[in-house]
Amino acid sequence: MNISENLKELKKELPDNVSLVAVTKTKPIGDIMEAYNAGHRVFGENKVQEMESKWQEMPKDIEWHMIGHVQRNKVKYMAPFVSLIHAVDSLRLLREINKEARKNDRVINCLLQIKIAEEDSKFGMDKTEALQLLDSNDFKKFENIKIIGLMGMATFTDDEKQVSNEFRSLKTLFDSIKEKHNMPVLSMGMSGDYKLAIKNGSNMVRVGSAIFGERG
Ligand SMILES: *Cc1c(COP(=O)(O)O)cnc(C)c1O
């Protein structure tokens, strides 16, 4: 695996408006430093404690994104440093993030994870649930959170039409609320489907194995 070469090739492919979260879960610090030394600064992890220990050990100009499902009792470990939480799927989780952000005197950026996949193993909110949350008075009281966009994961399948349809349904929701709620970010696409995601309007992709190789 030539990590810096993979990264360079991938970045060449991405349109200017699409940002890259390099997903480093399970990968050792040496591998991540290779991407860092090639100039990349935005990394994604899916476990809070793994992200926290990498944050401790690595240069402090890295932006750490939490891309996985978050348990409320883990929020406190990342509240001092996390730069974007991608998979927020409940008001209870937002309340906890708001509380821990306030303790750290920060405003934490979040995305709402919307369920778009047909498979029901994926986390996320229904579209109507998300709209209700954004319009709720509870949400409006949170001063230490900013919801800057939406995130979704498509079904894991070779059926490109289905994957495109799922991405497009999230893009449609995103377009209908981004101005009203001041949300610039639409996070969709991973190693296997980022091209389809970009075609369907993604402006943030989360790519791991295509840069760092398969996970063990
Ligand atoms: C692991 C993971 C990714 C990256 O997956 P790859 O297939 O390795 O690119 C993206 N998003 C989430 C939420 C993940 O957990």
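Trainee: Which residues of α5 are buried?

Mentor: The buried residues of α5 are L93, L94, E96, I97, N98, E100 and A101, where buried means under 20% relative accessible area, exposed means over 50%, and partly exposed lies in between (1.4 Å probe, protein chains only). The model is a predicted one, in which local features need pLDDT of at least 70 and side-chain atom pairs count only at pLDDT 80 or more, whereas totals for chains, interfaces and linings use all residues. Residues are numbered from 1 along each chain as its sequence is written, and side-chain values use heavy atoms, with hydrogens and water left out.

Helix α5 itself covers residues 91-103, which makes 13 residues. From its first C-alpha to its last it reaches 19 Å, close to the 18 Å expected at 1.5 Å a residue; the expected span is 1.5 Å times one less than the number of residues. In general, an α-helix has 3.6 residues a turn, so residues three or four places apart point the same way.

Several elements contribute to the covering of the buried residues of α5. Among the helices that do so are α4 (75-78), α6 (127-135) and α7 (137-140). Strands also take part, including β4 (84-88), β5 (108-113) and β6 (145-151). Helices (H or I, at least four residues) and strands (E, at least two) are DSSP runs, numbered from the N terminus.

E96 counts as buried because its relative accessibility is 17%. Apart from neighbours within four places in sequence, E96 is in contact with R72 and V75, contact meaning heavy atoms within 4.5 Å.

E13 lies in helix α1 (residues 3-13), and a relative accessible area of 43% makes E13 partly exposed. Once its neighbours within four places in sequence are set aside, E13 is in contact with Y194 and K195. The C-alpha atoms of E13 and K195 are separated by 9.1 Å, although the two residues stand 182 residues apart along the chain.

Just after α5 comes D105, with a positive phi of about 55°, although D105 is not a glycine. D105 belongs to the loop between α5 and β5, and it is exposed because its relative accessible area is 71%. N182, in the loop between α8 (160-177) and β7 (185-187), is likewise a residue other than glycine with a positive phi, near 55°. At 64% relative accessibility, N182 counts as exposed.

The setting of α5 may now be placed in the chain as a whole. The protein chain contains 10 helices and eight strands, and buried residues make up 50% of its 216 residues. Of the contacts in the chain with a separation of 6 or more, 58% come from residues 24 or more positions apart. Along the principal axes, the C-alpha atoms fill a box of roughly 50 × 45 × 30 Å. The radius of gyration of the chain is 17 Å, which agrees with the value near 17 Å for a compact globule of 216 residues. That radius is taken over C-alpha atoms, and the globule rule is 2.2 Å times the number of residues to the power 0.38.
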